[in-house]
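Here are a few notes for a first look at this structure. Please read them with the model open beside you.

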Amino acid sequence: MLNLQKTITQATATIASLSIGLGSTFIGLGNPVKASSYMYQGKCGFLMSSNFTEKCNALFSKTMFTLMPKGSRQIRIWPQQISYVALATRKTLKMDEDLVLWKKLAGKTGILWWKRDRIPQWVLDATAKESEDHQFSIGYVDRNKKPQILLFVLNDREQASGMINMLESYSGLSLGQNRLPGSSLGPTLTRKLAKEATRKARRLAGLCSQYMFEDAEPIASELDSYVENTIEEISIFSGTEDLSNNLLNTLNQAMNYCDTEMDNEIIDAHRAREKARIEQQLLRAKESEEQRIKARAAFDMLAEI
């Protein structure tokens with residue numbers, strides 16, 4: 001039987017980022033999504049790299065803001081990575097030289113990305129002097145600690161107020177407010193991440209305790225992927241060492257428990273086979289003794305004739 005830890009390690013490289021389940025469905029903002037999560041459809045532009053996508057979803061969940069450009073990888077942004085949220089104008093779509101990270105990358109003049117070639121018209125329209133409430137500018141620092149500017153343009157203007165509320169609630173910033181990103185993770189989010197890992201580990205342990213190892217393998221892969229991705233994503237923040245160690249300990253304890261249960265299953269199976277073998281030997285010995293007794297009785301009868 002394959003060692004579960006080895007199997008999970010091999011599977012991790014091909015597993016996509018974990019999606020956290022959040023309960024029953026909610027309908028009303030964009031596509032139906034799970035409770036406590038809200039999805040908006042629109043266009044998104046990553047201005048520092050000049051990547052523009054006309055089909056892009058923005059998903060807000062309890063712990064994560066996820067951008068899903070069609071045909072490209074998803075981008076997950078923690079609240080503490082966000083430096084500002086604003087309605088899009090030429091001013092808000094330019095780097096803020098007051099923040100050290102931005103100044104280091106942009107220099108004193110900032111980056112005038114709209115002077116580059118092949119900029120879509122819908123992106124240029126967002127640089128108008130007057131802001132429109134369905135066009136959003138979001139400044140954030142990516143996991144490589146490089147400043148980024150996101151332009152998101154809603155397809156449905158009637159959803160603008162809802163997205164404003166979600167941006168402010170998720171980031172903890174009011175429109176136009178700035179902060180230095182990436183300082184700390186925060187105790188509430190830390191508890192949620194640890195709790196989610198514990199939930200997955202308990203589910204895995206429950207399956208292993210019942211010797212349901214085939215059912216346990218995808219759960220183990222999910223837990224392994226969740227811990228690996230989370231540790232990588234929180235590395236941008238300060239003071240996350242304890243949480244990272246906690247997540248690793250949760251993963252290792254669950255994996256070790258399953259490995260032990262797999263060993264126990266092998267031992268139990270061996271004992272069962274040995275017991276069956278002994279019982280079969282006893283049965284054969286009993287049958288042989290019965291045949292011997294019958295043969296002896298027949299011989300005695302012949303001897304009396």
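1. Start with helix H4. Its buried residues are Ala160, Gly162, Met163, Ile164, Met166, Leu167, Tyr170 and Ser171. Keep in mind that this is a predicted model.

2. H4 covers residues 160–171, 12 residues in total. From first C-alpha to last, H4 reaches 16 Å, close to the 16 Å expected at 1.5 Å a residue. Gly172 follows H4, and its phi is positive, near 75°.

3. Now turn to the pair H5 and H6. H5 spans residues 187–209 and H6 spans residues 213–234. The two helices pack at an angle of about 160°, with axes 9 Å apart. Angles over 145 degrees count as roughly antiparallel, and H5 and H6 are therefore roughly antiparallel to each other. Their crossing is left-handed.

4. Which residues in H5 meet H6? On the H5 side they are Lys192, Leu193, Glu196, Ala197, Lys200, Ala201, Arg203, Leu204, Leu207 and Cys208. The H6 side brings Phe213, Asp215, Ala216, Ile219, Ala220, Glu222, Leu223, Tyr226, Thr230 and Ile234. By type, the residues of this contact of H5 with H6 divide into 13 nonpolar, one polar and six charged.

5. Check the loop between H5 and H6, where Tyr211 is found. Phi of Tyr211 is near 60°, a positive value in a residue other than glycine. Most residues other than glycine have a negative phi.

Conventions. Residues numbered from 1 in each chain as written. Predicted model: local features only at pLDDT ≥ 70, side-chain atom pairs only at ≥ 80, totals over all residues. Heavy atoms only, no water. Axes fitted to C-alpha atoms, helices over the stretch in contact; angles between N-to-C directions. Helix = DSSP H or I, 4+ residues; strand = E, 2+ residues; numbered from the N terminus. Parallel < 35°, antiparallel > 145°, perpendicular 65-115°, else oblique. Left-handed = near helix turned anticlockwise from the far one by under 90°. Contact = heavy atoms within 4.5 Å. Nonpolar A, V, L, I, M, F, W, Y, C, P; charged D, E, K, R; others polar. Expected span 1.5 Å × (residues − 1). Buried < 20%, exposed > 50% of the residue type's maximum accessible area, 1.4 Å probe, protein only.
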